[in-house]
Amino acid sequence: MIDCSYEIAKGVRLNYIKTTKFKTNYISFNFIAPLSSKTAHYNAMLPLILTRASRKYPTQMEISKRLQYLYSADVGASNNSFGEYHIFGLKANMLNNRFANDIDINQETMNLICDLIFDPYLENGVFSKAYVKGEKQNLIDCIEAEINNKSSYATKRMLNEMCKDEVFNVSKLGEVQDVKRITSKSLYGAYKRAIEKYPIVVYVVGDCDIDAFANKLKECFSKIDRSPIEIPLAEIKERADSVKQIVDCERVKQGKLVLGFRTAYKYTENTYHLLQLFNEVYGGSPTSKLFMNVREKMSLCYTCRSAVSQRMGVMMVSSGIEFDKKEIAEKAIIDQLEQIQKGNISKEEFDSAKKSIINGYKSIYDSASAMANWVFYRSLCDSNTTPLAECEKIEATTVEQIQELANRITLDTVYFLKGENTDD
Amino acid sequence: MIKDLVVTENQLIGEKHYRFKHKTGLEVYVFPKELTTSYAIFATRYGSVDNKFKLSTDKEFTRVPDGIAHFLEHKLFECEGGIDAFELFAKTGANANAFTSNTMTAYLFSATDNFYESLEILLDFVTHPYFTEETVQKEQGIIGQEIRMYEDRPGSRLNKELMEALYKKNKIRIDIAGTIESIAEINAEILYKCYNTFYNLNNMTLVVCGDVDVEKVNEICDKILVPAEPIEIIRDYEDEDEPKEVNKKRAYIQLDVSKPLFAIGVKDTNIPECPRERAKKAYATEILNEMLFSQSSSFFNELYETNLIAPDLSSSCELTKFYSFDVISSESNNPELVYKKFVEYIENTKKIGLDKETFELSKKTIYASNIKSFDSTEEIGDKIIYNTFDDFDLLESSDVINSITLEYVSNILKEGFKEEYYTMAVVEPLADKK
């Protein structure tokens, strides 16, 4: 999918996906760090402080006015975790030059991104005290607000319990007590570490003068002494030892049930398509076993879906139910997995799941960010496959392969968030 | 061949669409777009506000339980023989869904292959209702859990509180899904009554966007659809004495959130009759929002620098023929102080007047956002259907935006932003957890 690729500096790559079908261009600038409780809070802070101000645009207002001037260019912070990786940086989306007759939107937006990353606003050689204080508070608010969405909160709590001793347990936002200890100086140290030591990958999707951007980036990096680190790979637990049962009480109207499974899937084997196809049959669509049985036949819930992770091989099933339906829902969810383990997948179910996955893969070509994310996250799993190539693999998959995969799945943790003052 | 095919083109955006009235009474839009994914949305002018209605030939109005449009949306997926419409779409690989709003129920799918087969399924299942008392009961359990899910969502609760604070009568107050009690009153007979009234093709629109042939779409309509009797639906919105002022000045509720969420609402009862004027006012209000409340505004920056609001202050304007209001929302430890600052800021801005340069930048922003929205078939399809239900053609949007002047925007500020039109809803953390 990549049309050209540039080595900008040591451990810095620029990849370009050329397409003329969009009215916009897309850029993502990604630092790749190890996910670690020692650095997560710093790495979460960096995109926030870098988009807050630069030397040239020393206030939020000046940055925002510049963005308006660039025809409402969208430049924002990004922060994600992916297995043992902590990926953070900036992304941008801007109107193609052909809709503006007064300025070069692409070039000017790229310049702005470089300003924000390489020429930050400093006071006495470190980040501004006032901005660091403000962004610390924003990050703390963001961490504390995780309780607001009870479904995602339940998912996070389940993962915390399931992966207690694993790196995946580290939050990409960091922890409140660690954020509180950040200073302007220590954050600047984290900035230097990021820009000198973390591997960096930049994606551009659209239609623009990529050579000009490559040269601009080379110039920016020429002032930096790069010595990129190797990121240690995490061990992935293939099987659960025994089933952990966790119950939390909060003031909720509906119970949130989340089951965490180990799938024994290894990304190094390039079999993510099998895991996705299994997931589609099990609980990934409105014709999946979970939807058709736990929701439609048993009328237990409105949502009951499964999701798998590309890197960790963890599968989660989430459902919103009445407080007194926990046992019956849990059993129903496991029953449906056992159906797949026995190979009870009809030809229709299987064909439907395949078509649905293929539909999803093909539609990746319709979104600039989806294309960039596909290439990026696959490359982190040592794969350079394309959506179309994966479609062929999906076509060739047999029920036996899915059954075999299902038989390696083990239940690790059952988490239930229920209301306070309820019996049982 | 299609009779009276209307082609509308916008050269600036570089897009066009076809429109025709199918012989069955259905209005059809085809928007060609060379992307891999094609999209279709089939919708009826029927939402949660339509709970009292009659046909022009009826004597009496019929009143139905709240949440029935949404309930009907769920039930239409069930086809004769116990098959689910999702299973039919699964055979083609299309990704199907549906939603109900205040004024619309829509059924949709996106597909990278077998588009026309999926279109047949869409038109067929929506025009063939099938439900029994037993299947209605089963759905009450599922929707009951959907309602509970929304009760746990602070954003949904905040919105509901805001609507009740803004309006005394307007039926936008009614929850789209109804309540556990109201949906318990629904049975197969009432569902058929609503279906037969609102799912008349003369009350519906189909929008198709993608690499699609307009003649072929017409042929599929010929094949699947049956001509509908022309009807006139009379709705009683029961809002004649809706005051210009807000219903109440504050609405506070407590939920398990980390920090208070607030929404300041600005009520507007001065809704232009003419669709183009309505659209102009909506875009002009968006420009005004950008000027007053965006990240480049002095209001945002002052509150943000003092950590009085979260970085994501948002402002949005909803303007349709049924209701119109502007909302400014974020999180804050002191919503009352934000409200006070809001009132002062508006009064001060009125006094000194809006700045010409800021206006030009904000207009540019709205102009660009509009063009950006033409990159996805789903987004285009949804926008066309919303606009056409408000009698406006999406492809006129860039011309309408261009026609907006600083004087026009200043007038919205002067006439529309007065204290009697403001209210605020707040979701607070639980008292014992603060």
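What follows is a tour of a predicted model, going from whole chains down to single residues.

**Stop 1: the two chains**

Start by colouring by chain, then select chain A. You'll find 15 helices and 13 strands there. Its radius of gyration is 23 Å, close to the 22 Å that the globule rule gives for 424 residues, so chain A is as compact as a globular protein of that length. Of the 424 residues, 50% count as buried.

Now switch to chain B, which has 15 helices and 15 strands. The radius of gyration here is 23 Å, close to the 22 Å from the globule rule for 434 residues, so chain B too is as compact as a globular protein of its length. Its C-alpha trace spans about 60 × 55 × 45 Å along the principal axes, and buried residues make up 49% of the chain. Look at contacts in chain B between residues at least 6 apart in sequence: 81% of them join residues at least 24 apart. In chain A, that figure is 79%.

**Stop 2: a sheet in chain A**

Go back to chain A and show it as a cartoon. Look for an open sheet of six strands, in the order β1-β2-β8-β3-β5-β4, with mixed pairing. Which strands sit at the edges? They are β1 (4-9) and β4 (74-82), each pairing on one side only. From one strand to the next, the twist averages 20°.

As background, strands of a sheet pair through backbone hydrogen bonds, either parallel or antiparallel. Select residues 4-9 and 12-18 of chain A to see an antiparallel case: five bridges join β1(A) to β2(A). For one bridge up close, pick A:S5, whose partner in β2(A) is A:N15.

Helix α8 (residues 210-222) of chain A touches β1, β2 and β8 (200-206) of that chain, and its direction makes about 15° with that of β1(A). Then select residues 105-118 of chain A, helix α3, which lies across β3 (24-34), β4 and β5 (85-95) of chain A. Its direction is at about 150° to that of β5(A).

**Stop 3: where the chains meet**

Show both chains together. How many residues of chain B are in contact with chain A? There are 52, and they touch 47 residues of chain A. On the chain B side, the elements giving two or more residues are α2, β8, α4 (133-151), α10 and α12 (356-372). Sorted by class, that side has 17 nonpolar, 19 polar and 16 charged residues.

Zoom in on residues 85-92 of chain B, helix α2. Six of its eight residues are buried, so this helix is largely enclosed by the rest of the structure. Click through the buried ones: B:A85, B:F86, B:L88, B:F89, B:A90 and B:T92. What covers them? The cover includes α12 (347-363) of chain A, together with β7 (95-100), β8 (105-111) and α3 (115-126) of chain B. Step just past α2(B) to B:G93, which takes a positive phi of about 90°.

**Stop 4: two domains in chain B**

Between them, 35 residues of domain 1 are in contact with 31 residues of domain 2. On the domain 1 side, the largest share, eight residues, comes from α5(B). Select residues 154-166 to find that helix. This side of domain 1 has 19 nonpolar, ten polar and six charged residues.

**Stop 5**

Most residues other than glycine have a negative phi. Here are two that go the other way.

- Select B:N307, in the loop between α10 (298-305) and β13 (314-319) of chain B. Its phi is near 55°. B:N307 is partly exposed, with 15 other C-beta atoms within 10 Å.
- Finish at B:D391, in the loop between α13 (377-389) and α14 (397-402) of chain B. Its phi is positive, about 65°, although it is not a glycine. With 13 C-beta neighbours inside 10 Å, B:D391 counts as partly exposed.

Note on methods:
Residues are numbered from 1 along each chain as its sequence is written. Chains are lettered from A and ligands numbered from 1 in the order in which they are written. This is a predicted model: local features need pLDDT of at least 70, side-chain atom pairs count only at pLDDT 80 or more; totals for chains, interfaces and linings use all residues. Two strands pair if DSSP finds at least two bridges between them. Helices (H or I, at least four residues) and strands (E, at least two) are DSSP runs, numbered from the N terminus. Axes are lines fitted to C-alpha atoms, for helices over the stretch in contact, and angles run from 0 to 180 degrees between N-to-C directions. Two residues are in contact if their C-beta atoms, placed from the backbone, lie within 7 Å. A residue is buried if 20 or more other C-beta atoms lie within 10 Å of its own, exposed if 12 or fewer, and partly exposed in between; C-beta atoms are placed from the backbone. Ala, Val, Leu, Ile, Met, Phe, Trp, Tyr, Cys and Pro count as nonpolar, Asp, Glu, Lys and Arg as charged, and the others, Gly among them, as polar. The radius of gyration is taken over C-alpha atoms; the globule rule is 2.2 Å times the number of residues to the power 0.38.
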